[in-house]
Amino acid sequence: MALIAVAADKGAPGVTTTAVALAALWPRRALLAEIDPAGGDLVYRSVTENGRPPDPTTGILSLAATARRGVVAEQLWDHAQRLSGGLDVLVGLANSDQAAGLTGQWGALGRAFAELAQSPHPEVAADVLADCGRLDAGSPVHALLPHASVLLLVTRSSPEQIAHVRDRAAALHNKLHGGQRGTAQLALPQIGVVLVADPQRGERVATQVNEMLIASGTGSRVVGLLAEDPVGAEQLAGRRRGRLDRSLLVRSARRVVADLHQVYRGELAPSGSGATGAQPAPPPGAQRPPAPQGAPPPAGYAPPPGYAPPPGYGQPPPGYGAPPPGQGQQPAGYGPPHAAPQGPPWRPGDGAAGGAG
Ligand SMILES: Nc1ncnc2c1ncn2[C@@H]1O[C@H](COP(=O)(O)OP(=O)(O)OP(=O)(O)O)[C@@H](O)[C@H]1O
Ligand SMILES: [Mg+2]
């Protein structure tokens, strides 16, 4: 199990939306941590299982108040709230001013998240998906990243946004991995790009973006393709009614979850499987996928066979909650996690597993 950081370079490409969708569809217990230093949005976009908006003072803010005494992984649950549909969240700070309360504590927060993910106690263990907001050079979240197993950079598909994410991925690769390919192949966090694109042209764009990421020596690649679906995004944010489970957004998010578990099968393996989470190198016998030193990154974005073209990526997730009648404000997609990621496996031999860095 792992800490998965979700972030953007600039703009608002849909980090929160992506993090919420992935966490809601995650195949194991997941904790969504809204650690965007600029402030969170979940209190405005969701309701708890009691039908009320989340309490903004219980979450990262209450954690920050205790952080000076140290952050203990098991105690993270004391600050979590359960949303309607079952997703557990640590709601974010109200604004960037409150981030001062966490000054110097971001590394400890990352360590606590990683410890929670790797806890040997099943009653507390959970994957942590962290909405990190924008990772510009001054973001304090950089201190948390070494504790993550996977860093997902979310981007839209315009040329300028692609250029920005390429540069950010390269900078992060250099900062986190030293930019040396041999060790970087095994170094954590693995950096992947989640492309939010028009489903009609998503695969073509993903292939082009992937080629550019590789040619630029960013140490990253496209690991997921999320549908650009304004209606689905509005539904997920509780601002619009409709069958969220049928939306392109949710269908594509489900495929992204499956693809992530294929690409990062070593990093995201369940606890007790022998995989190691945020460790720099796999111990003998661990299920970290082989990544030969100096091996080139995979050539080209390789969608798995059957990667569904429009009108939808994949099938609607079973059990993904539709809004209860009469609850238009309900964040309808926060459905119970399904049993296991499904969908066609990532194409063998594409070198993705463990080779994204
Ligand atoms: N996959 C998507 N398709 C279409 N629109 C989307 C998608 N994801 C998000 N959006 C829309 O983009 C806007 C920003 O979304 P979101 O808040 O998730 O972005 P963000 O990157 O977290 O932004 P911020 O930096 O402000 O926190 C919202 O209006 C949302 O509805
Ligand atoms: Mg956000």
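This is a predicted model: local features need pLDDT of at least 70, side-chain atom pairs count only at pLDDT 80 or more; totals for chains, interfaces and linings use all residues.
Me: How much of the accessible area of ligand 1 does the protein cover?
Reply: On its own, ligand 1 has 630 Å² of accessible area.

Me: Which residue places a polar side-chain atom 2.6 Å from an oxygen atom of ligand 1?
Reply: Arg134 has a polar side-chain atom 3.2 Å from an oxygen atom of ligand 1. The distance of 2.6 Å belongs to another side chain, that of Thr17.

Me: Where does ligand 1 sit?
Reply: The shell around ligand 1 takes at least two residues from each of H1 and H8. H1 (15-25) and H8 (230-236) also each supply at least two residues of the lining of the largest pocket. Ligand 1 sits in the largest pocket.

Me: Which element gives the most to the lining of the largest pocket?
Reply: Strands S5 (127-134) and S8 (221-227) each supply at least two lining residues, as do helices H1 and H8. The top contribution is four residues, and it comes from H1.

Me: How many charged residues are in the shell around ligand 1?
Reply: The 21 residues around ligand 1 include Arg45 and Asp229, two of those that come nearest. By class, the shell has eight nonpolar and four polar residues, and the charged ones number nine.

How values were computed: Residues are numbered from 1 along each chain as its sequence is written. Chains are lettered from A and ligands numbered from 1 in the order in which they are written. Side-chain values use heavy atoms; hydrogens and water are left out. A residue is near a molecule or strand if one of its heavy atoms lies within 4 Å of it. A polar contact is a pair of N or O atoms within 3.5 Å; within protein, one must be able to donate a hydrogen and the other to accept it, and residues adjacent in sequence count only if both atoms are side-chain atoms. Accessible areas come from the Shrake-Rupley method with a 1.4 Å probe; for residues, only the protein chains shown count as cover. On a 1 Å grid over the protein atoms alone, a cavity is a set of points where a 1.4 Å probe fits but cannot get out, and a pocket is an open set with protein on both sides within 12 Å along at least five of seven lines; lining residues have an atom within 4 Å of a point. A molecule sits in a cavity or pocket if more than half of its atoms lie within 2 Å of its grid points. Ala, Val, Leu, Ile, Met, Phe, Trp, Tyr, Cys and Pro count as nonpolar, Asp, Glu, Lys and Arg as charged, and the others, Gly among them, as polar.
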